[in-house]
Amino acid sequence: MEEERMEVFLELFREEPPVYIQELEKEARQQGVPIIRRGTGDVLRYLLRTQKPQRILEVGTAVGYSALLMAEYMPENARITTVEKVASRLAAARRNFERYDSGGRICLVEGDAAEVLPDLVGQGFQYDFIFMDAAKGQYLNFLPGVMELLVRGGTLVSDNIMHEGDILQSRYAVTRRDRTIHGRMREYLEVLTHHRELETICLPIGDGITISTKRKEAAHEET
Ligand code: SAH
Ligand code: MG
């Protein structure tokens, strides 16, 4: 397939992440933990190295793979806060952070993002870079909190917007559960691409990602 040939070709120019990251990747894939695809990791690397955000928020830690990958490419003094709600994933993430995040640059927050995000808002936290990678059906519910947490000029990256390609199919070609997620993801994309505070690009990288920048100037009220 054309797409596979392209992948193989691009693999030639991919910067290899450190060995422990590659091992974590292999392990996660073997255990069926849903981690970011390589193309998504490339985009994160590029954005973090060029934008140099100091305060990073991740929604959806899983076992900590993407958080550790981001920590490799962010500035030395930057910090990551990452949110996860499933106990088994939290335990694995904690182990991985203890082992590989010796500088303590990653802070793992236990809980449902639906509660944690408003909590962070309430405490006045702000982030320069937010990576949304949790339950796909909930992105839209998380967006108001995310918008408050994101500084002007800050970046929001959202993963899995193609939902394994399902988003391309008609609503009726997917199962009922997937149809709901599918509908919600389309709605999320609709909102992101028409949001007056955001400039957004949708990219067919990995499982599909969006990159959104919060406008530096507040949008003018329309009359
Ligand atoms: N970012 C990770 C992968 C995350 S997979 C990586 O690339 O390495 C998505 C994770 O989000 C799952 O572990 C799931 O348990 C978690 N999740 C789903 N809904 C959540 C919610 N409402 N609050 C917190 N975590 C959630
Ligand atoms: Mg993902």
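Student: What makes the space taken by ligand 1 stand out among the pockets?

Tutor: In this predicted model, that space is the largest pocket.

Student: Which residues come nearest to ligand 1?

Tutor: There are 21 residues around ligand 1, and Ser66, Glu84, Arg89, Ala113 and Asp133 come nearest. By class, this shell has ten nonpolar, five polar and six charged residues.

Student: What makes the approach of serine 66 to ligand 1 a polar contact?

Tutor: A polar side-chain atom of serine 66 lies 2.8 Å from a nitrogen atom of ligand 1. The cut-off for a pair of N or O atoms is 3.5 Å, so the pair counts as a polar contact. Alanine 113 also qualifies: a backbone N or O atom of this residue lies 2.8 Å from a nitrogen atom of the ligand. At isoleucine 36, a polar backbone atom is 2.9 Å from an oxygen atom of ligand 1.

Student: How much of ligand 1 does the protein bury?

Tutor: Taken alone, ligand 1 exposes 580 Å², and the protein buries 94% of that.

Student: Why does the aspartate pair tie together separate parts of the sequence?

Tutor: Aspartate 133 lies in the loop between β4 (127-132) and α7 (139-149), whereas aspartate 159 lies in strand β5 (residues 150-159). The pair therefore ties together parts that are 26 residues apart in sequence.

Definitions and conventions. Residues are numbered from 1 along each chain as its sequence is written. Chains are lettered from A and ligands numbered from 1 in the order in which they are written. This is a predicted model: local features need pLDDT of at least 70, side-chain atom pairs count only at pLDDT 80 or more; totals for chains, interfaces and linings use all residues. Side-chain values use heavy atoms; hydrogens and water are left out. A residue is near a molecule or strand if one of its heavy atoms lies within 4 Å of it. A polar contact is a pair of N or O atoms within 3.5 Å; within protein, one must be able to donate a hydrogen and the other to accept it, and residues adjacent in sequence count only if both atoms are side-chain atoms. Accessible areas come from the Shrake-Rupley method with a 1.4 Å probe; for residues, only the protein chains shown count as cover. On a 1 Å grid over the protein atoms alone, a cavity is a set of points where a 1.4 Å probe fits but cannot get out, and a pocket is an open set with protein on both sides within 12 Å along at least five of seven lines; lining residues have an atom within 4 Å of a point. A molecule sits in a cavity or pocket if more than half of its atoms lie within 2 Å of its grid points. Ala, Val, Leu, Ile, Met, Phe, Trp, Tyr, Cys and Pro count as nonpolar, Asp, Glu, Lys and Arg as charged, and the others, Gly among them, as polar. Helices (H or I, at least four residues) and strands (E, at least two) are DSSP runs, numbered from the N terminus.
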